[in-house]
Amino acid sequence: MTKLSVNINKIATLRNSRGGNNPDLVKVALDCERFGAQGITVHPRPDERHIRYQDVYDLKAVIATEFNIEGNCREDKFVDLVLANKPAQVTLVPDAEGQITSNHGWDTIKHQDYLKEMVAVFQKEDIRVSIFVDPVVEMVEGAVETGTDRIELYTEAYAHNYFADREKAVVSYIAAAHHANKVGLGINAGHDLDLHNLHYFAQSIPGLLEVSIGHALISDALYLGLETTIQKYLQQLA
């Protein structure tokens with residue numbers, strides 16, 4: 001079964017909007033685990049507008065499931081944070097400074113030498129590495145050359161086109177996944193996956209190991225409650 005990692009950035013955004021510690025980010029993370037999530041994801045950014053760097057240390061101390069830290073490895077502070085906390089997985093995302101949310105994968109051909117260097121830095125500390133990529137076979141092939149353990153397929157295009165033609169929307173992802181399986185890369189996925197489009201994606205992608213979902217899941221929880229929402233997402237992956 002594909003694992004569900006809950007991205008709790010939006011919980012941090014809500015907390016930060018009023019100061020203080022309500023909602024309590026650490027408690028929410030522990031509750032997500034208690035309700036069945038198999039991992040917790042955070043994506044700290046330099047301005048700390050949602051996840052603060054101290055949050056990562058606080059979460060690392062208590063998380064019992066898989067801890068995944070996403071971010072831009074061109075930021076020295078991010079690299080230092082990951083190395084200090086040694087999560088189960090680091091996901092390398094090519095965000096620009098001030099970017100609202102991730103909107104593209106790495107060009108693993110153009111930046112291959114750089115990515116190879118960074119992958120080695122994290123793997124030396126026994127941290128599994130995943131590289132955020134668009135669903136393009138050439139980008140998957142480029143990722144292989146970096147030595148990464150996994151790729152994370154950027155799924156915004158799939159989600160955007162799902163209702164118009166879901167079979168067409170998933171074609172490039174299936175091709176990318178087949179190639180990843182062929183060359184021995186693990187496959188993660190994330191961005192705009194939700195209760196409407198998740199099941200079809202998960203059943204279509206061979207070898208899908210993990211999805212990271214935040215915005216949609218937290219939004220659903222406002223209506224359904226966090227426990228029920230996590231259970232519903234897990235059902236979509238079953």
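Predicted model: local features only at pLDDT ≥ 70, side-chain atom pairs only at ≥ 80, totals over all residues.
Are Glu-210 and Arg-128 buried or exposed? Both Glu-210 and Arg-128 are buried, where buried means under 20% relative accessible area, exposed means over 50%, and partly exposed lies in between, with a 1.4 Å probe and protein chains only.

Residues are numbered from 1 along each chain as its sequence is written, and side-chain values use heavy atoms, with hydrogens and water left out.

Let me stay with that pair. Glu-210 forms a salt bridge with Arg-128, the closest N and O atoms being 4.0 Å apart, and a salt bridge here is a side-chain nitrogen of Lys or Arg within 4 Å of a carboxyl oxygen of Asp or Glu. Because Glu-210 lies in strand E8 (residues 208-213) and Arg-128 in strand E5, the pair ties together parts that are 82 residues apart in sequence. Helices (H or I, at least four residues) and strands (E, at least two) are DSSP runs, numbered from the N terminus. Salt bridges with shared partners join Glu-66, Arg-128, Arg-150 and Glu-210 into one network. Of these, Glu-66 sits in strand E3 (residues 66-71), and with a relative accessible area of 13% it is buried.

By this rule the count comes to eight salt bridges. In one of them the side chains of Arg-15 and Asp-55 meet at 2.8 Å, N to O, and this pair links distant parts of the chain, with Arg-15 in helix H1 and Asp-55 in helix H3 (residues 53-60), 40 residues apart. Arg-15 is buried because its relative accessible area is 2%, and Asp-55 counts as buried at 6%. Another salt bridge joins Lys-27 and Asp-31, with the closest N and O atoms 2.8 Å apart, and here both residues lie in helix H2, four residues apart, about one turn of the helix. Lys-27 is partly exposed at 48%, whereas Asp-31 counts as buried at 13%.

Now to the backbone. Most residues other than glycine have a negative phi, and most peptide bonds are trans. With that in mind, the peptide bond from Asn-22 to Pro-23 is cis, with omega near 5 degrees, and Pro-23 is placed in the loop between H1 and helix H2 (25-34). Lys-86, in the loop between helix H4 (76-85) and strand E4 (89-92), has a positive phi near 45 degrees. Asp-126, in the loop between helix H5 (112-123) and E5, has a positive phi near 60 degrees, and at 70% relative accessibility Asp-126 counts as exposed.

Finally, which residues make a nonpolar surface patch of about 420 Å²? The patch is made by Leu-222, Tyr-223 and Leu-224; patches consist of residues with over 30% relative accessible area and no salt bridge, like charges being joined within 9 Å and nonpolar side chains (Val, Leu, Ile, Met, Phe, Trp, Tyr) within 5 Å. Leu-222 lies in helix H10, and Leu-222 counts as exposed because its relative accessibility is 71%.

Methods. Areas by Shrake-Rupley, 256 points an atom, 1.4 Å probe, with all protein chains shown as cover.
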